[in-house]
Amino acid sequence: MGAPNAGNNGRLFSGSAYVIYGSASPSTVDLASLGATAGFRMDGAAAGDQAGSSVAGAGDVNGDGTADVIVGAPDASNNG
């Protein structure tokens with residue numbers, strides 16, 4: 001799930017993407033306090049990156065047997 005306008009870690013509009021693990025029974029997930037068993041959050045590296053603008057499952061891109069996730073950050077700058 002993407003949150004491109006999030007400002008986690010003091011970086012305004014850096015954006016975030018959340019990976020939430022599924023379960024057999026429905027439950028409430030508190031994104032502010034994800035535990036290791038519920039999922040994890042990836043934050044944009046710098047203010048204004050807007051990470052999470054697009055998020056998609058990608059299958060096993062690198063062949064390690066684990067499904068991968070692709071996160072878009074349209075306003076990120078590769079070289080500062």
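Let me start with the charges: this structure holds one salt bridge, meaning a side-chain nitrogen of Lys or Arg within 4 Å of a carboxyl oxygen of Asp or Glu. The partners are Asp43 and Arg41, at 2.8 Å, N to O.

Some ground rules. This is a predicted model, where local features need pLDDT of at least 70, side-chain atom pairs count only at pLDDT 80 or more, and totals for chains, interfaces and linings use all residues. Residues are numbered from 1 along each chain as its sequence is written, and side-chain values use heavy atoms, with hydrogens and water left out.

Back to the pair. How exposed is Asp43? Asp43 is partly exposed, at 23% relative accessible area. Arg41 is partly exposed too, at 33%. Here, buried is under 20% relative accessible area, exposed is over 50%, and partly exposed lies in between, with a 1.4 Å probe and protein chains only. In general, side chains of opposite charge can pair when their charged atoms come close.

Now Asp49. Asp49 is buried, yet has no salt bridge. Which side chain of opposite charge is nearest to Asp49? That is Arg11, 6.7 Å away. On charge, Lys and Arg count as positive, Asp and Glu as negative; His and the chain ends are not counted. Asp49 sits in the loop between β3 (39-43) and β4 (54-59). Leaving out residues up to four places away in sequence, Asp49 touches Phe13, Ser14, Gly44, Ala73, Pro74, Asp75, Ala76 and Ser77. A contact means heavy atoms within 4.5 Å.

On to the fold. The protein chain has zero helices and five strands. These are DSSP runs, numbered from the N terminus: helices are H or I with at least four residues, strands are E with at least two. Three strands form an open antiparallel sheet, in the order β1-β2-β3. β1 (2-3) and β3 are the edge strands, each pairing on one side only. Two bridges join β1 to β2, residues 16-20; pairing takes at least two bridges found by DSSP. Within that pair, Gly2 stands opposite Ala17.

Last, the whole chain. The C-alpha trace spans about 40 × 30 × 15 Å along its principal axes. Of the 80 residues, 19% are buried. Among contacts with a separation of 6 or more, 44% link residues 24 or more positions apart. The chain exposes about 5,200 Å², and carbon and sulfur atoms supply 52% of that. Those areas come from the Shrake-Rupley method with a 1.4 Å probe; for residues, only the protein chains shown count as cover.
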